[in-house]
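Hi everyone, thanks for making time.

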Amino acid sequence: MALSFSTGLKNAILDGDSLKGTLALGFLKIYAGTVPATANDALSGATLLCTISVNSSGTGLSLGTAASGAIQKAAEVWSGVNAATGTATFYRFVTPTDTGASSTTEERIQGTVGLAGADLNLTSVSLTSGLTQEIDYFAIAVN
């Protein structure tokens, strides 16, 4: 599956905002359950497994400098303590005020989670409540 950009994120970029600026201090949220059809859709029945922040602190994440058509995570530790146990199936990179409801104005990126070949690859998709999940590599490519 290709990344899904919400209508709100597309509109922000088309209106002159940067992807990096729009998602600044946002969070990467990892879910179990059925992947919504688009990033505009509600989370309906998905279970939040983990919210990734800077060093599990609750501080929003930063993206680095773009190069070769992609932007990667900044040089900071991206981690979170798992809030539930389950099998990770998808993630959303969201702004701090995102409610997860159906929206064409929220700025989000949605992608799949897997062991290989997914939009976000983890060493294990089985997350256990109370353990820390780190994200060593994260990039968004614009094709």
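This is a predicted model: local features need pLDDT of at least 70, side-chain atom pairs count only at pLDDT 80 or more; totals for chains, interfaces and linings use all residues.

Okay, strand 7, which covers residues 90–94. How many of its residues are buried? The count is 5 of 5, so to speak, and the strand is mostly covered. Now look at which way the side chains go. Phe90, Arg92 and Val94 point one way, while Tyr91 and Phe93 point the other way. If you're new to this, side chains in a regular strand alternate between the two faces of the sheet. Here, the residues on either side of strand 7 are all buried.

So who are the neighbours? Strand 2, residues 27–32, is joined to strand 7 by 5 bridges, and the two run antiparallel. Across that pairing, you'll find Leu28 standing opposite Phe93. Then there's strand 8, residues 108–114, which is also antiparallel to strand 7 and joined to it by 5 bridges. In that case Tyr91 has Gly111 as its bridge partner.

How many aromatic pairs does a search of the whole structure find? It finds 5. Let me show you two of them.

Take Tyr31 and Phe90. Why is this pair called stacked? The ring centres are 5.0 Å apart and the planes sit at 15°, and planes under 30 degrees apart count as stacked. This pair links distant parts of the chain, with Tyr31 in strand 2 and Phe90 in strand 7, 59 residues apart. Tyr31 is buried, at 6% relative accessible area, and Phe90 is buried too, at 0%.

The other pair is Trp78 with Phe138. Their centres are 5.4 Å apart and the planes are at 40°, so this pair is tilted. Again, distant parts of the chain are linked: Trp78 belongs to strand 5, Phe138 lies in the loop between strand 11 and strand 12, and 60 residues separate them. Both are buried.

Last stop, Gln133, in strand 11. Buried or exposed? Buried, because its relative accessible area is 13%, and the cut-off for buried is under 20%. Among the residues that Gln133 touches are Ile30, Cys50, Leu122 and our friend Trp78.

Note on methods:
Residues are numbered from 1 along each chain as its sequence is written. Side-chain values use heavy atoms; hydrogens and water are left out. Buried means under 20% relative accessible area, exposed over 50%, partly exposed in between (1.4 Å probe, protein chains only). Helices (H or I, at least four residues) and strands (E, at least two) are DSSP runs, numbered from the N terminus. Two strands pair if DSSP finds at least two bridges between them. Contact means heavy atoms within 4.5 Å. Rings of Phe, Tyr and Trp (its six-membered ring) pair if their centres lie within 6.5 Å; planes under 30 degrees apart count as stacked, over 60 as edge-to-face and the rest as tilted. Lists of a residue's contacts leave out its neighbours within four places in sequence.
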